[in-house]
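Try each task before reading its solution.

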Amino acid sequence: MESIWMRTSRLPQFQPLEGGLRTDVLIVGGGMTGLLCAWLLRREGVDCAVVEAGRIGGGTTGHTTAKITSQHGLLYHRLLRTFGSETARLYWQTQEAALARYRALCQKIDCHFQERDNYVYSLDDPAELDKELEALERIGAPARLVRELPLPFSTAGAVCFPNQGQFHPLQFLSALAKDLPVYEHTRALAWSPGRVLTEHGTVRTEKTIIATHFPMVTNHGAYFLKLYQHRSYVLALENAPDVGGMYADASKTGLSFRNWDNLLLLGGGGHRTGKKGGGWQVLEGAVRRYYPQAAEVARWAAQDCMSLDGVPYVGVYSRRTPGLYISSGFNKWGMTGAMAAAELLTDLALNRDSPCRRLFDPSRTILRAQLAVNGAEAVISLLTPTVPRCPHMGCALHYNAQEHSWDCPCHGSRFTEAGRVLDGPSNEDKPM
């Protein structure tokens, strides 16, 4: 399942780490967040390095739909209710600043950056659109209500954010990475203060940034309770219309749309990793219903980390881990989130204050409704008397017939039928 981004890019290759290494800042993970961190730190004159278990961009970055937007679903009325207007406004401002940084960088990088309006639509609930618009008006965001959309089904309308962006993520990443100190095929196995053990040697470092999608250090921070993972699916279609913007259903299980080149990227079928869901069948049914003349040219799936309250976890990993930092929980909006996270992590690594520090603080309260759901999933899976079991924390794996993989409903680790790890947080293969 190679994404259209993987098919149409040539990424630089890097050698594995051989033996030991000393660096001021080590970044674990070679996706968008990790490489942006390295790029920003190098611009500040910081000695840093990146270790990546596989190939750069091989995880979520290579499987995204690559929308760069400060509109993250119908999020702002929830932020307003949970955190208040100042925090909701700050969140919007950080995402707008991230979009502006991408816009400026993409003027120098050939990565098919295009400005597009972004729409979050509701199929049948205009009241939820009105609530979101009221929240956006309170924080000063220039959104508008749109009633008619160029989609192949009727809706209750959409909230539109103007002048957002879309791009080719791996072409961008390729330009970013070419001069960075990166070690591929170098899996980080364990962290302790001042050092990271990899499969090829030990890295001695003052500070470590964990940018591995789901955090790899399991005995600090309670991320096994604070995060869960969500699968979603994409078809690239030719002979399908240009919808003229970027569209996402307010529901996590609805359809999304954007164009790239002469293709329509149709997303949807989402479900919690390790649980049953629509998957490819939802998208195949949508193509038959709405675009019978279209032909599929690629398909792929994405995995996203979801936080308890809709805000990512970026900052100090935990109160007991000096020099260790985290970036995770982007809730399906990892492109804009990666830039915002990299900016904050650079400030923290340089001991600079940032107004975003409290906004993204990983140690903020975990007393949210989603915590009970995550806890229940873990208990049920741990008590399920089946094999195989996930080596991460012992949860029962479920077979994913559509993707021919074994998936963990607790924390989202995934394995091939032969037991090779596909997605973390598990750091080791599982004998089947």
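A residue counts as buried when its relative accessible area is under 20%, as exposed when over 50%, and as partly exposed in between (1.4 Å probe, protein chains only). This is a predicted model, in which local features need pLDDT of at least 70, side-chain atom pairs count only at pLDDT 80 or more, and totals for chains, interfaces and linings use all residues. Residues are numbered from 1 along each chain as its sequence is written, and side-chain values use heavy atoms, with hydrogens and water left out.

**Exercise 1. The overall fold**

Work out what share of the residues is buried, and how the radius of gyration fits a compact globule.

Solution. Start with burial: 57% of the 432 residues in the protein are buried. Next, take the radius of gyration over C-alpha atoms and apply the globule rule, 2.2 Å times the number of residues to the power 0.38. For 432 residues the rule gives a value near 22 Å, and the protein has 21 Å, which agrees. The C-alpha trace spans about 60 × 50 × 45 Å along its principal axes. Finally, look at contacts, meaning heavy atoms within 4.5 Å: among those with a separation of 6 or more, 72% join residues 24 or more positions apart.

**Exercise 2. The faces of a strand**

Count the helices and strands, then decide which residues of S12 point the same way.

Solution. Helices (H or I, at least four residues) and strands (E, at least two) are DSSP runs, numbered from the N terminus. The protein has 10 helices and 21 strands. In a regular strand the side chains alternate between the two faces of the sheet. In S12 (residues 246-249), Met246 and Ala248 point one way, Tyr247 and Asp249 point the other way, and all are buried.

**Exercise 3. The neighbours of S12 and S4**

Find which strands pair with S12, and in which sense S4 and S6 run.

Solution. Two strands pair if DSSP finds at least two bridges between them.

- Step one: S4 (residues 114-122) pairs with S12 in the parallel sense over 4 bridges. Val120 has Ala248 as its bridge partner in S12, and Tyr121 stands opposite Asp249.
- Step two: S12 and S13 (residues 256-260) run antiparallel, joined by 2 bridges. Here Ala248 stands opposite Ser256, and a hairpin of 6 residues connects S12 to S13.
- Step three: S4 and S6 (residues 157-166) run antiparallel with 8 bridges; Gln114 stands opposite Gln166.
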